[in-house]
Structure formats: C-alpha cells, structure tokens
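This report covers helix packing, backbone geometry and the surroundings of selected residues.

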Amino acid sequence: MAWARNLLRVDLSKGTSTNEPLNMEWAQKYLGQRGLATKYFVEEVDPKVDPLSPKNKLIMTTGPLTGTSASTAGRYSVVTKGALTGAIACSNSGGFFGNELKNAGYDMIIFEGKAEKPVYLMVENDSVQILDAAEFWGASVWDTEEGIKTKHGDPLIRVASIGVSGEQGVKFACIVNDMDRAAGRSGVGTVMGSKNLKAVAVRGTLGVAVDDSKSFMAAAAAGKEVLAGNAVTGEGLPAFGTQVLMNVINETGALPTHNHRDVQFEGANNISAEAMAEPRESDGKPNLVTNQACFGCTIACGRVSTIDRNHFSVKDRPEYHKASGGLEYEAAWALGAATGVDDLDALTFANFICNEQGIDPISFGATVGAAMEMYEDGVISTKDTGGIELNFGNAEALCSLAELTGKGEGFGAEIGLGSKLLCEKHGKPELSMSVKGQEFPAYDSRGIQGMGLTYATSNRGACHLRSYTVASEVLGIPEKTDPLETDGKAGLVKAFQDATAAFDSAGLCIFTSFAWTLDDVAPQLDAACEGEWSTDKLLEVGERIWNLERQFNMAAGFTGKDDNLPARLVKDAAKTGPAEGKTNGLGKMLPEYYEVRGWTGDGVPSNETLDRLSL
Amino acid sequence: MIIRIKLYAALGKYLPDGAVKNEADMEVAIGTTPEVAFTSLNVPLEQCHLVLINGLFVPPPERATRTLANGDHLAAWPPVAGGVR
C-alpha cells in the first residue's frame with residue numbers, strides 16, 4: 001500500500017480518460033514520483049520529441065508517502081521533456097495539490113496529446129471530466145484557481161494551473177498550485193500550455209492507506225521528532241525561511257551578482273530575511289507577515305509578505321495590497337542580486353507577478369540580468385526593449401518586465417525565450433548563465449566549487465535541487481567541506497544526487513534532508529510500503545533514477561560536452577571575497593565524477609554500471 | 001584595533017549601538033579571538049553556529065584560539081543556517 005496502485009491516463013487529443021493499474025514491479029525499482037514517473041516517461045516518449053509537440057507527454061505524479069502523515073508528505077512532481085531545456089524535466093511542488101491527487105486515488109496522471117481547444121481536467125475521486133476552459137483561457141493563475149473553485153462551488157478543490165505565460169509559450173512557464181506553490185523549473189508550464197491544458201482541479205476524499213499503520217505512525221513520529229529537534233528544521237527555517245541564506249552566501253563570496261559579473265552584492269542585506277523582518281517607515285509593519293506550511297509539513301519554511309502600499313509598483317493597485325507568498329531565497333536572489341535591484345518591495349511585487357502569471361522567478365530574474373548586461377554593453381538598446389532602460393539596478397524595469405513576461409507581451413516575450421535563446425539571438429551566447437538551457441540558481445560556483453559540478457551534471461539543467469552541496473560546503477550538513485576545494489567533490493555530488501533522487505521519489509520535501517538522512521526515511525517507507533525498504537536500497541534506487549535520466553538525455557542528443565559551465569565561471573576569476581582569484585575547477589572534478597559514477601571518459605554510463613543497476 | 005562585527009538572524013539583537021544593517025565596527029584588543037569578541041557583546045556562544053572570518057569558515061575548536069587582525073570581518077549566524085557546533 002501507500003501507493004494508490006492506480007494511474008489516470010488522459011488523452012487530450014481524443015478527450016478520453018482511463019484508469020490503469022500502477023506497475024508495481026517498477027514501483028519496487030523506482031519508488032514513486034520523480035523516479036517512477038520518469039520510468040513511465042522514458043518507456044513511452046521518444047527522447048527526440050519536440051517538447052511542445054502533442055507527442056510529448058506530461059505526468060503529474062505523487063510519491064508513496066504523499067498524503068500520509070509523514071512530515072512534508074504533500075509533494076507532487078511534474079515530469080516531462082522540458083520546454084526550456086529539451087532535457088528530462090522534473091519539477092517538484094509543495095502546497096496541497098499533491099495530497100489531494102493522492103487522496104482522489106491516483107499515483108499519477110499521464111497527459112497525452114493536445115486538446116483541440118482549451119480545457120481543464122476536473123477530478124473528484126473516480127469522477128473525471130475534461131471540461132471547456134474557454135472562460136479561463138487568458139486568465140491568471142490566481143483568477144483561474146478562484147474561478148474553478150467558485151464555478152464548482154467547492155473551496156476545498158485544489159488546482160494546479162498555468163498563467164497566460166504558459167499559454168503564450170514563455171519558455172520558463174510554471175505550473176502553480178495553491179496560489180503560490182509551483183512546479184517551477186524547466187518550462188513544465190509551457191508544455192502544459194502547448195497541450196491546451198489550462199488547469200487540473202482535484203478533490204480527493206478517499207484517504208491513503210499504509211502497509212503497517214502501527215509501525216508507520218511510530219516511524220513518522222520519530223521522523224518528526226528529529227525535525228523538531230534539529231536547529232535548522234526546528235528553529236531556523238520556520239523563523240527565517242530560506243531567505244536567511246542571502247547574507248550567508250554573500251559573506252561566503254558566492255552570491256552571483258550582475259549576471260555573474262560579481263560574486264558579492266552590496267545590496268544583499270536590503271533584500272535578506274533580516275530586511276523582511278524590519279518594520280518599514282511608512283506603516284511600521286515589516287514586509288514579512290508570517291510563515292506558512294505545506295500539507296503535513298512540520299517545518300513551515302514558507303514566507304507570506306506584503307508590499308508597502310505606497311511603493312510605486314502597487315500604488316493605486318489594491319489587488320496587490322494583500323499578503324501573498326514569498327519571498328524565498330532563490331527568487332529574491334534572481335530578482336535582486338542577479339539584476340542588481342535591492343528594492344525589497346520591487347522584488348516582492350515581481351515575485352507576486354511570477355506566482356500570479358506562472359513564471360519561474362529564477363529563470364526570469366536571471367534572464368533579465370543577462371539582458372541588463374547586454375543593454376549596458378550596448379548590444380541591445382531601448383529600440384529592442386520597447387523603451388525600457390535596462391540598466392542593472394533598475395527596479396521599475398524589473399517590475400515592468402515581470403508583468404510583460406507574465407503575459408508574453410512586448411520585450412517580455414523576448415525575456416520569455418530564456419537567457420540562452422535571447423543571448424544567442426543577439427550574438428552573445430556567452431552571456432547566458434545557464435547549463436543545458438536552464439539558468440543558474442543562487443550560488444556562484446567559483447565560491448562553492450561543488451555547485452559547479454552539480455550544475456554541469458544536473459539532468460534538468462542548472463539546478464540546486466539535484467545536489468545541494470551548499471549544505472556541506474557552507475552550512476556543514478551533514479559534515480563540513482571546504483567550498484573552495486575541488487578534492488572530494490565528485491563523490492560528494494554523486495552522494496547528494498542519488499540521495500536527493502530517493503527523497504524526491506518518496507513524496508517528501510528535500511528540506512527534510514537538513515535533518516534527516518535516508519536512515520530516517522527508510523523506516524517510514526518500510527512501514528508504509530510493500531517490500532523491504534532499507535537505506536541501501538534507497539541509495540540504489542536513487543542511483544538508478546539518476547542513470548535513467550541520464551540515458552534519456554543522451555538519447556535526446558545531449559553528450560558529455562553538455563556537462564559544462566559558461567566560460568565566465570571557468571575562466572574569469574572571482575573579483576572579491578574568499579574566492580577572489582578563483583575560477584571553478586570543473587575540468588578537474590568532471591573526470592573524477594565520471595569515474596565515481598561508473599561512466600566512460602565521455603560521460604556515458606558503462607554497460608557494467610547499467611547491469612549493476614538493472615537498467 | 002578595529003574589526004567589523006556582523007550578527008545575523010536572531011543574533012542581531014546583540015549588535016552594539018550604532019549598528020546598521022546587521023553590522024558595526026568594533027574596537028577590540030590585539031589578540032582577540034572570535035569567542036572573546038562574541039562574549040564581549042553577550043552573544044551566547046552556543047548560539048554561534050556558523051562563524052566566518054572574512055567569509056572563511058572558522059571550525060568550532062579554533063573559535064577560542066584564532067586571533068583576529070585589524071580590519072577583519074567577523075560574522076556569525078545562529079543555528080538557522082546550519083553550521084557546525
């Protein structure tokens with residue numbers, strides 16, 4: 001049990017839906033969510049498929065623990081071939097949608113084909129309807145979510161939808177659920193839009209059963225005790241959220257600034273967790289209103305904030321005066337340090353728009369940063385930007401572009417290409433700070449060496465959520481390593497990658513791993529699921545998933561040459577801070593990584609490795 | 001000599017008067033260690049999880065022995081940011 005043992009297959013071209021039993025043999029090898037959905041995906045989809053073709057599929061998937069009483073067990077993921085990257089995509093989201101889907105009796109929904117006209121899927125346990133979405137097409141995520149709940153007269157319906165950006169083909173469109181939680185990266189929302197699928201609405205009341213309920217309750221309670229007793233998950237994240245990292249990473253000299261020209265941002269403290277808690281002059285209230293938790297979470301790291309009503313972005317726009325989700329660290333970095341904007345209210349507004357219109361704030365902010373560098377270098381001008389003066393630090397330009405990109409209008413449509421295509425279009429491909437087409441998150445790999453290898457080898461393009469070696473290199477979790485050294489990072493990155501794949505596939509939030517190891521996860525899975533689930537088995541499952549994703553990407557046309565970083569990071573030394581004079585040592589780490597992975601010198605999984613992993 | 005003290009998150013309340021945006025200049029005696037500097041501001045040492053001098057990590061055993069130099073930046077975070085204690 002734990003798995004619903006049931007998947008829903010929706011053929012949007014034919015307008016049909018069918019139930020299928022979950023492949024339980026695969027579940028034992030790939031666990032669930034990221035791993036199991038990827039297995040289905042690679043079995044069913046041609047790796048060469050155009051991501052926006054009806055032949056691409058999109059899977060919304062839960063893990064075996066999703067919907068149980070394990071802490072943070074409300075996650076779901078979207079697996080597809082990414083519109084931004086052309087690589088395997090798996091974007092993970094919290095909130096309440098995943099729990100609802102599982103409670104409706106489904107481990108996953110596989111979407112195929114393309115609807116003739118805009119539709120949304122309405123699932124109420126075993127009742128499944130494909131409904132006309134004409135009234136919601138052109139609406140924001142927020143209006144769509146409210147509209148569907150109102151139309152069906154049930155505020156407890158959970159909705160995952162795309163904004164106008166996903167309809168308009170913005171390459172980094174998200175799928176947003178519960179107003180401000182998002183399957184954010186790689187353009188999964190763009191794929192959804194290409195299928196004319198506006199939203200998925202779910203109401204589930206069936207419950208989630210576990211194999212051995214008594215053992216599971218004990219294991220889940222033990223896990224919660226570990227989280228509560230841990231300084232990071234029990235105190236730090238609830239009180240300060242991820243945004244506490246802003247000053248940490250800046251002080252460490254690894255805060256990418258001005259499109260990675262610099263590694264430290266003078267305005268970092270103005271956009272930090274500390275700044276969010278500081279009362280503002282106008283009304284004496286801080287930006288931060290409260291923290292919030294996703295389904296079943298005992299950490300509650302989420303931020304809820306407001307914008308100063310006198311700020312230029314929202315003056316006379318009362319619809320943005322209420323509290324909403326954010327800022328989280330990665331968004332604050334991309335909207336702030338990457339663009340040189342240190343106006344906290346402007347960042348909060350841009351983040352609201354990202355949620356409202358369903359765009360990934362990381363790729364958006366980083367692409368604006370790249371455009372700002374081209375503007376300052378004279379590569380583009382106000383003729384290209386529609387009159388927007390795009391200097392670094394221009395808060396008005398950032399806010400304006402958030403709205404334009406959210407709707408795919410004006411120069412926002414250009415930003416919506418993502419930095420790779422935008423910079424290539426203007427003859428400056430070297431200014432795109434990306435790997436496999438996906439923009440970097442908030443850690444400069446000259447100051448945190450392991451993150452360079454993490455980014456270069458990430459199966460979904462540059463990403464911190466595939467191997468968060470920052471935990472070890474900066475925060476000392478589970479043990480401290482030197483961020484400026486390359487020695488030992490190959491093994492560290494592999495260990496993080498494999499463990500993360502297992503966490504993701506269980507249905508848990510990766511933030512639990514600040515306190516938990518797989519030794520804490522295994523007893524919960526073992527009690528909830530059929531089969532024997534040990535730490536060793538989870539590590540093997542994680543490694544299998546990593547290699548499966550790699551195989552898909554290689555069949556899609558990627559090679560070891562794509563395990564690379566922009567020249568800026570391996571040739572231009574950091575100018576300030578602890579990493580001053582340093583570049584990223586990818587050239588040393590990558591061959592070591594291939595070796596510890598059991599791959600050839602070209603980065604191809606060897607037959608021996610594939611045999612060992614039963615691939 | 002003068003060092004720059006930076007105290008973040010819940011440690012911000014221990015900053016000396018005149019601190020701006022979580023930092024302040026602070027006069028200390030030659031030979032001052034991070035622990036001496038923290039103690040002089042009444043910062044509970046057990047709350048200093050992540051400690052950096054000029055951005056470089058200071059392991060717990062060295063916090064009572066490493067001496068600060070004029071102009072050094074000494075930063076600390078409570079357990080919010082992980083760290084090693």
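## Basis

Helices (H or I, at least four residues) and strands (E, at least two) are DSSP runs, numbered from the N terminus. The model is a predicted one.

Arg550(A) is part of helix H22 of chain A, which covers residues 535–556. Its relative accessible area is 3%, so Arg550(A) is buried, the limit being under 20%.

Leaving aside neighbours within four places in sequence, Arg550(A) is in contact with Asn459(A), Gly560(A), Asp563(A), Tyr594(A), Trp599(A), Gly603(A) and Pro605(A). Between the C-alpha atoms of Arg550(A) and Gly406(A) there are 32 Å, and the two residues are 144 residues apart along the chain.

The loop between H9 and H10 of chain A holds Arg261(A). Arg261(A) has 24% relative accessibility and therefore counts as partly exposed. Not counting residues up to four places away in sequence, Arg261(A) touches Glu373(A), Glu376(A), Asp377(A), Phe392(A), Arg568(A) and Lys575(A).

At 4% relative accessibility Asn259(A) counts as buried. Its phi is near 55°, a positive value in a residue other than glycine.

## Other backbone geometry

Gln33(A) likewise has a positive phi without being glycine, with a value near 35°. Gln33(A) belongs to helix H2 (residues 33–44) of chain A, and its relative accessibility of 0% makes it buried.

Two cis peptide bonds are described here. One joins Gly326(A) and Leu327(A), with omega about -10°; Leu327(A) sits in the loop between E15 and H11 of chain A. Another runs from Ile477(A) to Pro478(A), with omega near 0°. Pro478(A) is placed in the loop between helix H19 (470–473) and H20 of chain A.

## Helix H4 and its cover

Helix H4 of chain A has 12 residues (141–152), and at 1.5 Å a residue they should span 16 Å. The end C-alpha atoms are 17 Å apart, which agrees with that expectation.

The buried residues in H4(A) are Val141(A), Trp142(A), Thr144(A), Glu145(A), Gly147(A), Ile148(A) and Lys149(A). What covers them includes strands E7 (119–124), E9 (158–161), E10 (175–177), E12 (197–203) and E15 (324–325) of chain A, as well as helix H12 (344–357) of chain A.

Two packed helices are described by the angle between their axes and the distance between the axes. For helix H20 (residues 489–506) and helix H21 (residues 518–528) of chain A, the axes come within 11 Å and cross at roughly 30°. Angles under 35 degrees count as roughly parallel, and H20(A) and H21(A) are therefore roughly parallel to each other. The crossing of H20(A) past H21(A) is left-handed. On the H20(A) side the contact is made by Ala499(A), Ala502(A), Phe503(A) and Ala506(A), and on the H21(A) side by Leu518(A), Val521(A) and Leu525(A). By class, the residues of this contact are seven nonpolar, no polar and no charged.

Helix H11 (residues 329–337) and helix H13 (residues 361–376) of chain A have axes that come within 7 Å and cross at roughly 15°. That angle makes H11(A) roughly parallel to H13(A), and H11(A) passes H13(A) in a left-handed crossing. Glu330(A), Ala331(A), Trp333(A), Ala334(A) and Leu335(A) of H11(A) meet Pro361(A), Ile362(A), Phe364(A), Gly365(A) and Ala366(A) of H13(A). The contact of H11(A) with H13(A) has eight nonpolar, one polar and one charged residues.

## Helix pair H7 with H8

The axes of helix H7 (residues 213–229) and helix H8 (residues 231–240) of chain A are 4 Å apart, and the helices pack at an angle of about 55°. H7(A) and H8(A) are therefore oblique to each other.

In this pair, Val226(A), Leu227(A), Ala228(A) and Gly229(A) of H7(A) meet Ala231(A), Thr233(A) and Gly234(A) of H8(A). The residues of the contact divide into four nonpolar, three polar and no charged.

Methods. Residues numbered from 1 in each chain as written. Chains lettered and ligands numbered in written order. Predicted model: local features only at pLDDT ≥ 70, side-chain atom pairs only at ≥ 80, totals over all residues. Heavy atoms only, no water. Axes fitted to C-alpha atoms, helices over the stretch in contact; angles between N-to-C directions. Parallel < 35°, antiparallel > 145°, perpendicular 65-115°, else oblique. Left-handed = near helix turned anticlockwise from the far one by under 90°. Contact = heavy atoms within 4.5 Å. Nonpolar A, V, L, I, M, F, W, Y, C, P; charged D, E, K, R; others polar. Expected span 1.5 Å × (residues − 1). Buried < 20%, exposed > 50% of the residue type's maximum accessible area, 1.4 Å probe, protein only.
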